[in-house]
Amino acid sequence: MRALGRFRFVATAAGIPLCIAALGVGLDAAAFDRPSASVSLAAGALRELAGLHAMRGSEISARRSVSSICVQGDFRHDGRITGGALVLLGDGTRLYDFGHGVRNYDGRLPTPVQRRRFQLAGCPLLLGDRLGSRLMKGVTAARPTRADGGWAYGVRVGRSSALELFVTRSTLRPLALRLPGAGWSDLEPGADRVAIAEVRRAFGLARPEGRRRA
Amino acid sequence: MLEHAVETVDRDALAAAWAERRTIVGAWALSRLLVVAGALALHWTHAPHGYFGPSIFHRPLGALEAWDGIWYRLIADHGYLLVAGRQSDPAFFPLYPLLLKVAAATGLPLGVAGIVLSNLLFLAALLVFDVFGRDVVGPSVARRATILLAVFPTSYVCSMVYPESLLLLAFAATGWLALRRRWVACAVAAALAALARPEGALLVLPIAAAAAARWRDADVDERARATAAVLAAPAAAMSFPLYLGWALHDPLAWTQAQHAWGRSFRANGVFLALTRGAHELGRQAWAGRDIGFCLLTLALLAVAWRLAVPRMWIALCALLVIVPLTSGSFESDARFGLVALPAYWGLASLVRGRRAFAALVGVSSALLLAATLTLPLVFP
């Protein structure tokens, strides 16, 4: 009799919360769409980008190839620590963006070619921002393809996106970037300490964590 | 003959129920009129722009669909998606967008459906809060508290595409049902609160206290139902990570999204919130709103303590404004404190005279309108 009472107690005390939890999951599953395969793939590619703070790039154009290194992080800018991206091009051009658009380190306005090269440098967090803001609202397309000699996915986010990111099929790490009408660049995630130090030096940030103006 | 008698009794009961509640319905209607008028004024003047472009002024009630309302509509439209390192929608609990989806099935646009839904839920919340208050602090304080909640300056959120009305309703219903020892219904109300916002899980505290108070006199069946009610809110809250695990293959998506929203727990969070709060106050006056309402809520809870309000309700409501500080910021604390039900009882107990009460209602209504008119400048 006592065992029956105990069973009834446990069945009610645990059964109702379990039913509630199951109902909660079931209602959510019935009500909300799950992300499509393309969206999941794009989100995975963005997750990879979010873990990167530097990117090496190599612009591929008919005329000549220009290498680039992008370093992202918090730098001292205009007397404040600000998140931003520094890009050092192979020809010595120094470009940066601290949330107010692309700027030239030497004070001149960046030319359209320099703006394009800044984009093709594939700064991971900027690229993630650009793709991520469109991902939840827009149409996402992911197509299997080949890039940089390997199997890849081409991820395009947003209805009017002019940007296509190519990622490896196995790890979803960035391989290449295409800006239709503006060209291609091969991407290589990360950069060694020497390369990062070189970029920092070029922007007058040789001392630890940006003591001087970027 | 008998049918006629039943009809008369029904009509009488209905008339009595209406007579008893018409003050609340009137307070709700007038306060919501103020909020809608404020939103329409924003639409007509197209100012202040604040954080938004002209898009929120295009629709007559666009301002009421803004801020988190955009995210709730996004969830109702597309479901959940975690975007690593960016603010994304798994930070928002599922019940409100689910109801939004149901409301939109009537053919209304999502934003309008959300505004209608929130306002109706707010009316229901006021009615249930009044009933709950009668059992706790008596009819007079309860009624004044209900009217003060209707015109409370931050209650404009209850007309926006936000889950606060739903949470208020679920909190009040849970409290009332626990007092009446209707444990299964109490479990359902607590579960709804926990599916609406994570702080709903904290309802475990007052339900446990109510169950403990009844434990000795209860038979096995009632004890089992009371235990189920205690566990209902955490169980419902757990269902969300389980769903995210299934849908996004990441049960921790909520935590990650919260991190991107700057809402992750820090051991020194409260200290950071206090030091940053002082700094923020010097930089922009809006920070004062959240700090002020947080302190006001805590002070009113202290007053409610003297009214013999169940202690665990006071503990729960203090946690509602203190726990968010562990993220290192006072941001939105005014909104989080809106659900602190005993604070309104505390406030109502302070204004006993008719004139003082009318003056407080007037000031509060003016602040409610001002808060609506400044909606584009600062998030709720």
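The legends below describe views of chain B and of its interface with chain A in a predicted model.

**View 1. Secondary structure and dimensions of chain B.** Chain B holds 17 helices and zero strands, where helices (H or I, at least four residues) and strands (E, at least two) are DSSP runs numbered from the N terminus. Its C-alpha trace spans about 65 × 50 × 45 Å along the principal axes. The radius of gyration of chain B is 21 Å, which agrees with the value near 21 Å for a compact globule of 380 residues; the radius is taken over C-alpha atoms, and the globule rule is 2.2 Å times the number of residues to the power 0.38.

**View 2. Interior of chain B.** Of its 380 residues, 54% count as buried, that is, under 20% relative accessible area (1.4 Å probe, protein chains only). Among contacts (heavy atoms within 4.5 Å) with a separation of 6 or more in chain B, 74% are between residues 24 or more positions apart.

**View 3. Interface between chain A and chain B.** Here 31 residues of chain A are in contact with 44 residues of chain B. The area buried between the two chains, meaning the accessible area (1.4 Å probe) that they lose on being put together, summed over both, is about 3,000 Å², with 73% given by carbon and sulfur atoms. In chain A, Phe32(A), Arg34(A) and Met136(A) lose the most area to chain B, together 25% of what that side buries.

**Notes.** Residues are numbered from 1 along each chain as its sequence is written, and chains are lettered from A in the order in which they are written. In this predicted model, local features need pLDDT of at least 70 and side-chain atom pairs count only at pLDDT 80 or more, while totals for chains, interfaces and linings use all residues; side-chain values use heavy atoms, with hydrogens and water left out.

Technical notes: Buried means under 20% relative accessible area, exposed over 50%, partly exposed in between (1.4 Å probe, protein chains only).
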